[in-house]
Amino acid sequence: MSVVRPPVAPPRPWTYPSAAEHLLENGVRVLAHDLPGQYVLSLRVVVPTALSAEPPGKEGIAAMTARLLDEGSSAHDAEAFAELMERHGMVLGAGVSDGGLLVDVDVPKRHLETAAGLVREAVADAIFPGTEVRRILRNRLAEIEQERASASHRAAKELARTLWAPGERAALPTGGTRETVGALTRDDLVEFHATSVGPQGATVVVAGDLTGVPVAEVLERTLGTWSAPRHRPVPPPAAPVPAPDAARVVVVDRPGSVQTEISVGRPGPDRSTPHGWAPHPVISFVLGGSPSARIDAVLREEKGYTYGIRSAFRPRVAGGSFVTAGSVRSEVTGEAVEILLTILDGAARAGFTDDELRSGVDYVAKTAPGRYATADAVADETAALALERLPLDFTTRTLRAMPELTRNDLDAAYRRVVTGEWTVVLVGDAGTIVPALEGRVTGPVVTVDL
């Protein structure tokens with residue numbers, strides 16, 4: 001008996017989960033995603049506190065403030081706060097990006113009100129105990145030293161410092177430098193928290209199974225009571241200005257290193273680009289998003305120089321970058337850099353193929369349901385949309401636009417970014433690297449110490 005294979009139909013268009021919107025009495029915007037079966041709820045609080053608003057010389061204060069939010073409130077000291085979180089199965093974290101502060105909590109459904117109440121304490125009534133402030137600042141200074149020892153961290157730091165103009169906040173690490181963090185005091189943190197963290201312009205995102213959960217009422221009783229009389233909202237951040245001498249090669253000397261960390265960058269767009277965001281994730285995948293992408297097809301599969309090099313557009317709230325990063329064996333650095341730049345520039349000259357277009361679109365668009373299958377992934381994306389001031393249908397519209405992309409769309413998007421001028425950072429043995437670059441790169445080559 002013959003068996004006929006059933007036809008495989010293309011997947012139906014997928015829609016990003018919708019959100020119910022509500023405004024609390026104190027002006028905080030609530031976005032609630034009801035995701036049946038997701039019994040661990042994800043709560044996100046977004047405060048648009050731009051890093052560019054940090055006081056000069058105190059860069060990193062926003063990140064240190066975020067780390068101290070759960071180290072005690074006016075109602076619970078640090079130990080009691082931690083005990084309450086553990087007792088209710090909560091996981092709380094806080095961090096900052098270029099556009100704002102984000103507090104994230106995952107909690108069982110039945111404990112949402114407790115979690116929201118503790119988050120309100122964290123953002124409204126943090127007390128910044130002196131012992132905890134000193135500990136957090138010491139930890140950050142130790143991290144900075146550890147980052148110096150990490151080739152990838154050192155490359156990322158040098159790329160930012162070289163790519164963006166002096167004085168731009170984007171040129172410094174989000175967590176600050178040894179000098180700026182070392183200068184911070186408890187009074188600085190208390191003042192920053194009082195003036196920069198408040199409900200004005202804030203958004204709360206809740207995602208998970210909300211059946212039977214009176215979300216609006218719970219949040220009104222908790223985060224709806226959040227006030228900050230001295231809070232001064234800051235204007236949205238502007239796109240960072242590129243450095244006038246960004247097109248150069250910087251070699252960070254790491255004597256004796258057997259590998260070279262490569263980081264190549266250009267300024268890029270944010271997700272609100274008027275040309276449309278849809279081509280950019282596809283280009284990222286085609287160039288350096290998988291082992292079959294253009295870069296790895298040569299440097300990994302054909303040459304065997306690397307375990308993997310990745311390319312991606314990295315949007316900020318305003319502006320962004322296009323970065324290619326990875327490591328190669330030290331002795332092949334010169335040839336690897338030449339090949340890499342040839343691939344990147346060649347894509348701008350020759351464009352992309354039909355096969356690349358289809359494979360990139362299929363991967364990015366058809367894997368979206370899997371990427372957003374959990375409450376925390378949905379909450380993170382919606383929080384990002386709120387921070388970037390994008391409409392809630394942005395993700396759906398972007399995914400729907402991808403199947404309609406043409407090669408010309410990809411080519412045009414890439415050429416708007418890639419002009420043949422690159423910021424190239426190499427972390428490795430300068431004695432081996434610098435001679436190998438001769439005749440392979442254009443522009444000045446500068447060596448700096450690790």
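Helices here are DSSP runs of at least four residues, numbered from the N terminus. The model is a predicted one.

**View 1. Thr-396 in helix α15.** Thr-396 sits in helix α15, which spans residues 394-401. With a relative accessible area of 11%, Thr-396 is buried. The cut-off for buried is under 20%. Leaving aside residues up to four places away in sequence, Thr-396 touches Trp-14, Thr-15 and Tyr-16. Asp-376 is 20 residues from Thr-396 in sequence. In space, the two C-alpha atoms are 18 Å apart.

View 2. Arg-389 belongs to the loop between α14 (375-387) and α15. Its phi is positive, about 60 degrees, although Arg-389 is not a glycine. How accessible is Arg-389? Arg-389 counts as partly exposed, at 47% relative accessibility.

**View 3. Phe-128 in the loop between α3 and α4.** Phe-128 is another non-glycine residue with a positive phi, here about 50 degrees. The loop that holds Phe-128 runs between α3 and α4. Phe-128 is buried, and its relative accessible area is 1%.

**View 4. Arg-120 in helix α3.** Helix α3 contains Arg-120. Is Arg-120 buried or exposed? Arg-120 is buried, at a relative accessible area of 17%. That value falls within the buried class because the cut-off is under 20%. The residues that Arg-120 touches are Asp-125, Thr-222, Leu-223, Thr-225 and Trp-226, with residues up to four places away in sequence not counted.

**View 5. Salt bridge between Arg-221 and Glu-113.** Arg-221 pairs with Glu-113 in a salt bridge, and their closest N and O atoms are 2.9 Å apart. Arg-221 is partly exposed, with a relative accessible area of 48%. Glu-113 is also partly exposed, at 35%.

**View 6. Salt bridge between Arg-169 and Glu-54.** The structure holds 33 salt bridges. In one of them, the side chains of Arg-169 and Glu-54 meet at 2.6 Å, N to O. This pair links distant parts of the chain, 115 residues apart. Arg-169 is in the loop between α5 (151-163) and α6 (178-182). Glu-54 is in the loop between β3 (40-47) and α1 (61-68). Are Arg-169 and Glu-54 buried or exposed? Both are buried.

View 7. The side chains of Asp-296 and Arg-310 form a salt bridge, 2.7 Å from N to O. Asp-296 lies in helix α10 (residues 294-302) and Arg-310 in strand β9 (residues 309-315), so the bridge ties together parts 14 residues apart in sequence. Asp-296 is buried, with a relative accessible area of 0%. Arg-310 is partly exposed, at 34%.

**View 8. Packing of helices α9 and α12.** Helix α9 (residues 279-288) packs on helix α12 (residues 354-366) at an angle of about 115 degrees. The helix axes are 9 Å apart. The two helices are therefore roughly perpendicular to each other. Their crossing is right-handed. Which residues make the contact? From α9 come Pro-281, Val-282, Phe-285 and Val-286. From α12 come Glu-356, Leu-357, Ser-359, Gly-360, Val-361, Tyr-363 and Val-364. By class, the contact of α9 with α12 has eight nonpolar, two polar and one charged residues.

**View 9. Buried residues of helix α7.** Helix α7 covers residues 186-196. Which of its residues are buried? They are Asp-188, Leu-189, Phe-192, His-193, Thr-195 and Ser-196. An α-helix has 3.6 residues a turn, so residues three or four places apart point the same way. The elements that cover the buried residues of α7 include β3, α1, α3 and α4 (130-149).

Conventions: Residues are numbered from 1 along each chain as its sequence is written. This is a predicted model: local features need pLDDT of at least 70, side-chain atom pairs count only at pLDDT 80 or more; totals for chains, interfaces and linings use all residues. Side-chain values use heavy atoms; hydrogens and water are left out. A salt bridge is a side-chain nitrogen of Lys or Arg within 4 Å of a carboxyl oxygen of Asp or Glu. Buried means under 20% relative accessible area, exposed over 50%, partly exposed in between (1.4 Å probe, protein chains only). Axes are lines fitted to C-alpha atoms, for helices over the stretch in contact, and angles run from 0 to 180 degrees between N-to-C directions. Angles under 35 degrees count as roughly parallel, over 145 as roughly antiparallel, 65 to 115 as roughly perpendicular and the rest as oblique. A crossing is left-handed if the near helix is turned anticlockwise from the far one by less than a right angle, and right-handed if clockwise. Contact means heavy atoms within 4.5 Å. Ala, Val, Leu, Ile, Met, Phe, Trp, Tyr, Cys and Pro count as nonpolar, Asp, Glu, Lys and Arg as charged, and the others, Gly among them, as polar.
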